Amino acid sequence: MDPASQDINLNSPNKGLGVDHSDSLSDVPVEGAVGNSASPLPPGLTEEEAEELRTELTKVEEEINTLRQVLSAKERHATELKRKLGLSPLNELRQNLTKSWQDVQTSNAYVRTTEKLGEWNERVTRSDLYLSASATLDDITHSEAYKKTQETLSQAGQKTSAALTTVGTAISKRLGDMRNSATFKSFEDKMGNLKYKVVGPRGNGDAVSSPTDTTPNQENPPF
């Protein structure tokens, strides 16, 4: 018995029995037949021409897939070379921006714009209004009033600096006089006495004499 004709379903009651599939196989449509019936040929195109076109289309699609694989391999190779050269995406972006800016500078539109701006600048600098304003400003800077104003401001600055120096010297001298005065010395003595009263004796049991105490220390009498 042909194994292909046996029922391989283990739950089937006809397990192991021969099954005739001739009718069912005859009902399965062939792929080419389906394509021909579903896609009728355009008018004026024979079957031989259609077959040639299908063959050419298959070859073209295979070539496209091959080119895609080659392009992908080339891109991976280029990425590896950039990595070895230390070309990071940021450096590559900078190079692209620099090249783009250089292309912009050498473009006809940029050159024409630069020339146009130069012409406008020349026209403005040669206009009567610009020349009149420049002449007026030059006259002002060379006028007597302008010079006197500059001299007055310079003298005022020098006087202010001298006055501040004088005030500082006077304050320093005044502070020195106050420190050497009898009142300040008396104040220092009072502060010393106050410190003595607050701190008290220091050292190894020795009494610290007051700054104003001129009486010599008496020795302890023997027992």
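**Labels and their cut-offs**

Analyst: Glu48, Glu49, Glu52 and Glu56 form a patch of negative charge on the surface. This is a predicted model: local features need pLDDT of at least 70, side-chain atom pairs count only at pLDDT 80 or more, and totals for chains, interfaces and linings use all residues. Residues are numbered from 1 along each chain as its sequence is written, and side-chain values use heavy atoms, with hydrogens and water left out.

User: What makes a group of residues a patch of charge?

Analyst: Each member needs over 30% relative accessible area and no salt bridge, and like charges are joined within 9 Å. A salt bridge is a side-chain nitrogen of Lys or Arg within 4 Å of a carboxyl oxygen of Asp or Glu. Asp and Glu count as negative, and the charge of Glu is placed at CD.

User: Why is Glu56 called partly exposed?

Analyst: Buried means under 20% relative accessible area, exposed over 50%, partly exposed in between (1.4 Å probe, protein chains only). Glu56 has 48%, so Glu56 is partly exposed. Glu56 lies in helix α3, residues 47-85. A helix here is a DSSP run (H or I) of at least four residues.

User: Why is the pair of Trp101 and Tyr110 called edge-to-face?

Analyst: Rings pair if their centres lie within 6.5 Å, and planes over 60 degrees apart count as edge-to-face (under 30 stacked, the rest tilted). The count comes to 1 aromatic pair. The centres of Trp101 and Tyr110 are 5.9 Å apart with planes at 80 degrees, so the pair is edge-to-face.

User: Are these two residues buried or exposed, or in between?

Analyst: Trp101 is partly exposed at 46%. Tyr110 is partly exposed at 32%.

Conventions: Patches are made of residues with over 30% relative accessible area and no salt bridge: like charges are joined within 9 Å, nonpolar side chains (Val, Leu, Ile, Met, Phe, Trp, Tyr) within 5 Å. Accessible areas come from the Shrake-Rupley method with a 1.4 Å probe; for residues, only the protein chains shown count as cover. Helices (H or I, at least four residues) and strands (E, at least two) are DSSP runs, numbered from the N terminus. Rings of Phe, Tyr and Trp (its six-membered ring) pair if their centres lie within 6.5 Å; planes under 30 degrees apart count as stacked, over 60 as edge-to-face and the rest as tilted.
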